[in-house]
Amino acid sequence: TVPSVGPGASVPVVATAVLRTDLPKRDFYVGAIADPGNLVPEFRNGNNELAAVNLLTVTHGPDLVVASVQAPAEVECNRSFVVDLTITNQGTGEIGAATDQAVIAKGSNIEVGIYLSTNAGITVSDTLVGTAVFSSLAAGASLPLSVNVTLPPNLAPGQYYIGAMADRSRVLREASNANNALAGNRITVR
């Protein structure tokens, strides 16, 4: 609410807004409308709107990366082993904030996938061997995880890369999804 303004006068107004998390990443104009409901009788209503000259660039604060992933050098099919990994939020926004409606609407959990791959490019098309979930991670913070995985009994013996992908289901709006996966060491499956 703005106090009354005399003829020919102006009143500076400062407003704070929280942006919705469902906004797309792009540039926006920010503007203001005086008397949006036309409640004040005026000589002219056509001059009540003004957009700023500068654009506001909307980006998404969180940015998950797999900082490390490690497994034993040799493993056997149908036996469990531990994969150690670290997820880092290298972005500027926290994950799990009350304003993060995209995550909240999908159950408030971010899923990390553990994969076996025949090459160093970890994708969701590789063999999923385990998962872990988390629901919050501050900007700049890291989360160490130890995940028990069991290889499928029909997996062919040979050399594989162990890898991990943060937010494998892509429920989180983040600065970049291109950096969510990392290949760790090569392992021999017997």
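1. Strand β9 (residues 158-165) is antiparallel to β6, and five bridges join the two. Within this pairing, S117 has Y161 of β9 as its bridge partner. The model is a predicted one, and the points below should be read as such.

2. β6 also pairs with strand β7 (residues 127-134), again in the antiparallel sense, here over seven bridges.

3. How many of the residues of β6 are buried? In strand β6 (residues 110-117) the count is seven of eight, so the strand is mostly covered, with buried taken as under 20% relative accessible area. As background, side chains in a regular strand alternate between the two faces of the sheet.

4. Turning to the pocket: the largest pocket holds about 1,100 Å³ of space. Its lining comprises 27 residues, and V2, V13, I33, A34 and D35 are the closest to the centre.

5. Which strand gives the most to this lining? β1 does, with four residues. β1 spans 26-33 and β2 spans 49-58, and each of them supplies at least two lining residues.

6. Sorted by class, the lining of the largest pocket contains 16 nonpolar residues, eight polar residues and three charged residues. D35, one of the residues closest to the pocket centre, belongs to the charged class, since Asp counts as charged.

Terms used:
Residues are numbered from 1 along each chain as its sequence is written. This is a predicted model: local features need pLDDT of at least 70, side-chain atom pairs count only at pLDDT 80 or more; totals for chains, interfaces and linings use all residues. Side-chain values use heavy atoms; hydrogens and water are left out. On a 1 Å grid over the protein atoms alone, a cavity is a set of points where a 1.4 Å probe fits but cannot get out, and a pocket is an open set with protein on both sides within 12 Å along at least five of seven lines; lining residues have an atom within 4 Å of a point. Grid points are joined across faces, edges and corners, and a volume is the space filled by probe spheres set on the points. Buried means under 20% relative accessible area, exposed over 50%, partly exposed in between (1.4 Å probe, protein chains only). Two strands pair if DSSP finds at least two bridges between them.
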